[in-house]
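Here is a short report on how two chains meet and where open space is left. Look at the structure first, then read on.

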Amino acid sequence: MTNILANPLAARDHARAMAGTVVESMPILPPHADDLPPGVSADDHLWEETIAPGGYATRHLPRGARLRLIDVKGDACASVMIFNAQMPSERLNVADTVKVQWNAYLGAGKLLLSDMGRVLMSIEADDAGTHDCFSGTSNAATNAAKYGDGTNSGPHPNGRDRFLLGAAKHGLGRRDVHPCVNLFKGTHIEADGTITPIVGPFAPGRSVVLRAEMEVIVVIANCPHVLDPRPDYTVTPLRASAWRGAITPSDDPIRNATPEGLRAFENVEDYCRR
Amino acid sequence: MTQDPHTAGLTGAIIHDAIVPARAPWLHTIRAGQTLRIVDLEGNQAVDFLLYSADDDAERYSMQDTVSAQGNLFLRQGTVLRSNEGRAMMTIAATSVEYHDTIGGACSCESNTLRYGHHTKSQHACVENFLEANLTQGRGKRDIVSNINFFMNVPVEPDGSLGIVDGISAPGLTVDLRAEMDVVVVVSNCPQINNPCNAFNPTPVRMIVSA
């Protein structure tokens with residue numbers, strides 16, 4: 001026992017003295033950043049958080065919000081689940097995302113589709129280009145096999161358990177943790193179906209901007225890619241910024257890029273019609 | 001007595017034998033150690049397939065865990081079908097089709113509106129079958145997850161192009177699945193008529209369980 005902290009008021013003072021500490025991975029409240037895009041007002045800044053290596057974060061975003069993810073040091077892996085915030089039984093459907101768009105790879109202009117024929121979010125900008133729809137994330141068994149331990153409380157937390165915690169904070173459970181997409185870590189599919197991981201490390205600072213096409217809940221885990229061949233638990237901080245933005249207008253080029261995508265927008269516009 | 005060609009090579013007693021009509025659902029519990037044989041009776045039929053742990057249905061088939069564990073998208077002989085917790089649920093013990101799909105997902109009324117147009121909304125779809133069968137056991141929309149499409153062919157081209165193409169199955173071809181745990185199998189004998197997965201003509205399949 002530390003004698004001085006046997007006094008509750010001394011313990012209070014000790015705790016309060018920690019305030020103002022700045023570390024690499026933390027939320028900034030109120031949100032502040034010096035690098036919002038031109039034209040974005042500080043008043044519209046919704047979220048500013050750097051997600052720790054092995055960590056997770058979750059956020060409820062309004063329709064029209066932009067979510068920018070930055071791979072700060074070049075070795076982040078943003079595993080992302082997305083729910084319709086008004087009806088979380090509607091969620092990202094990875095199979096429909098690749099099937100409806102006739103393509104396996106994500107990039108600028110691609111849509112993240114729900115299981116209800118609607119677009120949850122679209123990829124407004126992307127300077128990374130290495131993303132993955134197929135591998136999913138690690139679980140307790142895969143991390144235990146690779147690192148000797150995969151528990152949330154240990155040094156090598158796994159993506160699925162991170163997702164479970166993030167989903168739980170919205171009242172969701174094990175039935176709601178669905179297939180995810182991995183941003184910043186990619187895969188290439190060979191002709192015989194072989195999955196070749198593309199995990200870098202990459203140059204620092206690569207970014208992706210997602211646009212919420214309906215009110216969404218995102219859950220993001222930042223754990224090593226499940227097929228990362230490196231033996232060490234290798235992952236670096238992931239920065240998330242979000243700001244309010246305009247609902248996608250009828251002349252938006254991403255909205256109108258393909259007939260399938262246009263119908264996904266028509267379906268979400270119909271859903272949001274009041 | 002003439003040997004039934006669809007049961008050739010199955011060991012043990014046949015404890016269940018059902019024809020699933022074109023476009024219909026099917027649900028059955030398979031115990032650990034039992035084998036389910038699916039027979040593509042008329043050929044070129046896609047069989048959409050979900051799996052749940054019989055003991056805890058929040059543990060269920062995971063396409064992503066399955067393909068990551070084997071480092072390959074295609075399901076072949078020897079592929080272990082894994083759960084969302086990484087456990088072995090079933091193993092493809094034998095298959096007379098080279099590989100099966102698990103990236104294409106199930107057709108739904110809603111995704112059909114994207115793929116083919118809003119005029120297809122009223123058509124029947126696999127998710128309707130999955131829901132209908134699952135609702136009998138208390139599972140709902142949150143339980144519809146990534147699935148397998150037996151006998152379906154979804155190649156991925158070097159530039160990422162993919163699509164459901166003409167099947168690689170033929171009349172009488174089979175796939176045998178050995179249960180590694182007690183599982184609930186939910187099947188939609190795919191009703192899709194707008195793409196080549198069923199040769200635009202859904203046909204019946206046969207489910208045989210041996211123990």
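## The interface

Contact here means heavy atoms within 4.5 Å. By that rule, chain A brings 45 residues to the contact, and chain B brings 45 residues too. Keep in mind that this is a predicted model.

The size of an interface is often given as the accessible area lost when the parts come together. Chains A and B bury about 3600 Å² between them. Carbon and sulfur atoms carry 51% of that area. On the chain B side, B:Gln64, B:Leu114 and B:Arg142 lose the most area to chain A. Together they make up 21% of what that side buries.

## Charged and polar links

There are 7 salt bridges between the two chains. One of them joins A:Asp115 to B:Lys141, with the closest N and O atoms 2.7 Å apart. Helix 1 (63-70) and helix 2 (109-115) of chain B each give at least two residues to the side that touches chain A. That side holds 14 nonpolar, 17 polar and 14 charged residues.

## The pockets

The largest pocket holds about 400 Å³ of space. Its lining has 28 residues. Nearest its centre lie A:Asn93, A:Asp115, B:Val127, B:Ile144 and B:Val145. The lining divides into 15 nonpolar, 7 polar and 6 charged residues.

The second largest pocket has a volume of about 170 Å³. It is lined by 15 residues, with A:Gln101, A:Gly109, A:Lys110, A:Thr258 and A:Gly261 nearest its centre. Helix 5 of chain A gives the largest share of this lining, 3 residues.

Technical notes
Residues are numbered from 1 along each chain as its sequence is written. Chains are lettered from A and ligands numbered from 1 in the order in which they are written. This is a predicted model: local features need pLDDT of at least 70, side-chain atom pairs count only at pLDDT 80 or more; totals for chains, interfaces and linings use all residues. Side-chain values use heavy atoms; hydrogens and water are left out. On a 1 Å grid over the protein atoms alone, a cavity is a set of points where a 1.4 Å probe fits but cannot get out, and a pocket is an open set with protein on both sides within 12 Å along at least five of seven lines; lining residues have an atom within 4 Å of a point. Grid points are joined across faces, edges and corners, and a volume is the space filled by probe spheres set on the points. Ala, Val, Leu, Ile, Met, Phe, Trp, Tyr, Cys and Pro count as nonpolar, Asp, Glu, Lys and Arg as charged, and the others, Gly among them, as polar. Helices (H or I, at least four residues) and strands (E, at least two) are DSSP runs, numbered from the N terminus. Buried area is the accessible area (1.4 Å probe) that two parts lose on being put together, summed over both. A salt bridge is a side-chain nitrogen of Lys or Arg within 4 Å of a carboxyl oxygen of Asp or Glu.
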